Amino acid sequence: MIKRLAKSVREYKLPSFLSAFFVSLEVVMEVLIPFEMADMIDLGINAGDMAAVTKSGIALIIYAALVILFGNLAGRYASTAACGFAKNLRHDMYYNVQNFSFSNIDKFSTSSLITRMTTDVSNVQNAYLMLVRTAFRSPLLMIFSTVFAFRIYPKLAAIFLLCLPILAIGLSFIVKKSFPIFKRVFKTYDRLNLTVQENLRGIRVVKSFIREDHETEKFSSTSEDIRRDYVRVEKNLAWNAPLMQGCSYGCMLLISWLGAKAIIASGGDPAAGLSTGMLMSLITYAMQILMSVMMFSMVFVMIIISKESAGRICEVLEEKSDLANGENPVYEVSDGSVSFDHVSFRYSKQADKNCLDDVCVDIKSGETVGIIGGTGSSKSTFVQMIPRLYDVSEGCVKVGGRDVREYDIETLRDSVAMVLQKNVLFSGTVRENLLWGNENATDEEIKHACELAQAAGFIDEMPEGYDTFIEQGGSNVSGGQKQRLCIARALLKKPKVLILDDSTSAVDTKTDALIRKAFAEEIPDTTKIIIAQRISSVKDADKIIVLDEGRIVAVGTHEELLASSDIYREVYESQKGGMSDD
């Protein structure tokens, strides 16, 4: 895990090193101060030598100034390194998510990915900040202070060693009790983010059904779970401070008591044993050693918090797309022909039933094909095999006469334009949304695509035309307008295969007919696959595929299916009856 996270440090290795370097210098200066204080007291103040006092005083001022300077530089470089590391982590996670296939995305919930890129990265950032500064500073301060303390008076310095077993046992207990709670609390954060996300996305539904109180209760319940877990873990972590302080004050008392006896026994002569200056230095070193232990315990707690976050981040970073280019991929799609050769598909290997089962069908380049079927008949799954959003479980799908797995993925998807069942627009102008289809499209090409999609009329009526701002999720345009903008965006790709997954359900029948007419006249060489609930949307297609429970139960023209398919005839009669009743 550490090795994987270290790859995201990259250009911030130098600031990390400089932080550690200046921390080392800061520690050296700090350790020299008590040593110089002992000389000032014993050789200057007690001896009445003002020259020695002045000399030591100047040295102490210099040491203190250098401590401030090196500490400031260490903090500056540590902050730069930690913030840069977090930036790279977010970049690496987001970049890897963009390469995920649909099945990879299904593995992580959206709310969980958001938590990992925000809360988890912040935890790891804080841990890294402490690692490059505090975690490096604490051991050095402990080692140098201990060495100098033993140089002054080994018998009293040995008292520090008595604290180590007590601290080790105490910290182990805290870790054992706290880590499982932190592991649980981050999963609760995922639930909290999911609640917020669903509420904001469906706020109109929430208000229309007057469910604000219910949503508030859901949020409060999850938030209370987080509060309760944090209270429990804080109760465990609260033992850290008294443990550290108990050891610190215990050492101080022992050093003061035994040191005073040693001074009396030696008569305050440094040569005979222990002096007043030496005792003051020992007390200062004791404070430094125990302070370093306390800082290290804080780092330890932060590492406990960040360990689970680091593991969750690594899960995203190490997740590999199960869709990848094969050896020597093909970079050109010859035409828009599509063939399903005994295709079966299931979303997971553990699934009991195939979503598609032994599907066979051939679609010629330039044909218009309609797909009809009831809810759950796997119509959307069927078309998602074509641009290789999922890989088949059995059989093969061919586009342009080649298995889709032979193509470079970007080449294949650039040749297949798909307007999904759920239409998505992004924050930005109408033009910026349309340019997703072709970032180099000219104004004429944009306008022509909008005319084909029957979108030019309402765009021209907008306050700023193609420069009108689209709110997040397209909330300031109607469902039908959103669908037509998405169709125009797909047309700008100039695809060899155009797939409309129930993409005209929100437009009226007249507009739907105009769109189909424009397709037939303007893009005759493009293969058009239309999933629809309305028979009128597909009745003029070259062939219509009827799906039922993942199987093709009938293929033919409108007239042929009326004569041969009970399912198609039943759908047609129900819609025809509804229209006549109107």
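**A first look at this predicted model**

Where pLDDT is low, the predicted coordinates should not be read in detail. For the protein, the mean pLDDT is 84, and 98% of its residues reach 70 or more.

This is a predicted model, in which local features need pLDDT of at least 70, side-chain atom pairs count only at pLDDT 80 or more, and totals for chains, interfaces and linings use all residues. Residues are numbered from 1 along each chain as its sequence is written, and side-chain values use heavy atoms, leaving out hydrogens and water.

**A nonpolar surface patch**

- Leu-14, Phe-17 and Phe-21 together form a nonpolar patch on the surface, with about 330 Å² of accessible area (Shrake-Rupley method, 1.4 Å probe, with only the protein chains shown as cover for residues).
- Patch members have over 30% relative accessible area and no salt bridge, with nonpolar side chains (Val, Leu, Ile, Met, Phe, Trp, Tyr) joined within 5 Å and like charges within 9 Å; a salt bridge is a side-chain nitrogen of Lys or Arg within 4 Å of a carboxyl oxygen of Asp or Glu.
- Leu-14 sits in helix 2 (residues 13–45), where helices are DSSP runs of H or I with at least four residues and strands are E runs of at least two, numbered from the N terminus.
- Leu-14 is exposed, because its relative accessible area is 54% (exposed is over 50%, buried under 20%, partly exposed in between; 1.4 Å probe, protein chains only).

**A buried loop residue**

- Asn-354 belongs to the loop between strand 1 (338–345) and strand 2 (356–363), and counts as buried because its relative accessibility is 17%.
- Its side chain makes a polar contact with the side chain of Arg-346 at 2.8 Å (N or O atoms within 3.5 Å, one able to donate a hydrogen and the other to accept it within protein; residues adjacent in sequence count only if both atoms are side-chain atoms).

**Exposed loop residues**

- Lys-494, in the loop between helix 18 (479–491) and strand 9 (497–501), has a positive phi of about 50° although it is not a glycine.
- Glu-549, in the loop between strand 11 (543–548) and strand 12 (551–556), has a positive phi of about 55° and is not a glycine either.
- Lys-494 counts as exposed at 58% relative accessibility, and Glu-549 is exposed at 53%.

Methods
pLDDT is the predictor's confidence in each residue, from 0 to 100.
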